[in-house]
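Please work through each task with the structure open before turning to its solution.

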Amino acid sequence: MSFQYDGVRNTFLGDSQYSPDIAQIMWHTTHDCQLNCKFCFSKPVQRTNHVVYDGALIDSTVQLFKSLGVQKVDISGGEPLLLANLPYLVEACISGGVAVTITTSGIGSINNTKWVMNNWQCFSRVIVSLHGIEDVHNEVCGDQNAFGKTTAFLQSMLAAGCDRVRINTVVTKNMLPHWLEFANFISLLNPKEWCVIEPHPANKLSTFDLVKVSHSEYCDSVNTITKIVDSSQTLLLTRTNSDYSSYWALYPDQHICHLSDTEDSLIRMEFTPANIERLRNYAKSYPQHCIKIKRRINHE
């Protein structure tokens, strides 16, 4: 295969910049979440409008992934640690030859949290969402204890020997004066990667505009962080809104969307066997919109 997922580096390698298939999908397995982030793409009304992933639906979904040539899924939400069948879902993907990462706040059920800590080797990356210093994180996440809970999960993962931790940070106006303090904190944690993300308007809440930054403010933040973080210890990644045109997302209502750099998806349809050929043809017709090799600020 000329376009292959590399789980060690968590990127796609090949002789082309683009995949001929839908190589990666963000699998939003639930809208349930104990936080209320101001930039969240999961509207409150959606949190009661989703399927329940039992074993049969998980198995059939993984089969559809394989039919499309999906090599890797990111298991996210909402909060995937609230998903009743999380261990089964992860194991079904791996058994089906689909690599997995997980994106989480670290705030979920006790059983799932323990399972992830004990089985982190199942994941190419354990991606933890941390959006600033304590006051900022708590404010943008709508929970006065969010920072403490998430950092406790992070520290437990690192103490368990997990060398696949990535931190995701969405840049908000609240964080603009605090990058030095936060970047030094991230350096102390010493994760494998830190991804700095431009807030994306998909399904935006009424609170989105209160915290969003301009593209120039985002770029200035990245430049500031780059000067602080030791690239030999933590690899710094970026995700701009323009990067989302290479992203596919499967939502809890079993609709798959090809995202764009705006709040509107480029295509949206039910994720069923009847639509697999249509999806495959779409991907072949628009390869420039399929997953790109990840851009990095600091190269390995």
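Predicted model: local features only at pLDDT ≥ 70, side-chain atom pairs only at ≥ 80, totals over all residues.

**Exercise 1.** Is strand β5 (residues 99-104) mostly covered or mostly uncovered, and how many of its residues are buried?

*Solution.* Taking buried to mean under 20% relative accessible area, one finds that 5 of the 6 residues of β5 are buried, and the strand is therefore mostly covered. On one side, β5 is joined to β4 by 4 bridges in a parallel arrangement, with D74 standing opposite T101 of β5.

**Exercise 2.** Trace the chain onward from β5 to β6, and state the handedness of the crossover.

*Solution.* Strand β6 (residues 126-129) runs parallel to β5, to which 3 bridges join it, and I102 stands opposite V126 in β6.

**Exercise 3.** Which strands stand at the edges of the open sheet of 10 strands, and why is one side of each left without a neighbour?

*Solution.* The strand order is β9-β8-β7-β6-β5-β4-β3-β10-β11-β12, with mixed pairing. At the edges stand β9 (235-239) and β12 (267-270), and because each has a single partner strand, one side of each is left without a neighbour in the sheet. Neighbouring strands of this sheet are turned by 20° against each other on average, with direction ignored.

**Exercise 4.** In which sense do β1 and β2 pair, and over how many bridges?

*Solution.* Strand β1 (residues 3-6) pairs with β2 (residues 11-14) in the antiparallel sense over 4 bridges, and Y5 has F12 as its bridge partner in β2. Their hairpin has 4 residues between the strands, and N10 takes a positive phi near 55° there.

Definitions and conventions: Residues numbered from 1 in each chain as written. Heavy atoms only, no water. Pairing = 2+ DSSP bridges. Helix = DSSP H or I, 4+ residues; strand = E, 2+ residues; numbered from the N terminus. Axes fitted to C-alpha atoms, helices over the stretch in contact; angles between N-to-C directions. Buried < 20%, exposed > 50% of the residue type's maximum accessible area, 1.4 Å probe, protein only. Right-handed = clockwise from strand over helix to strand, strands pointing away.
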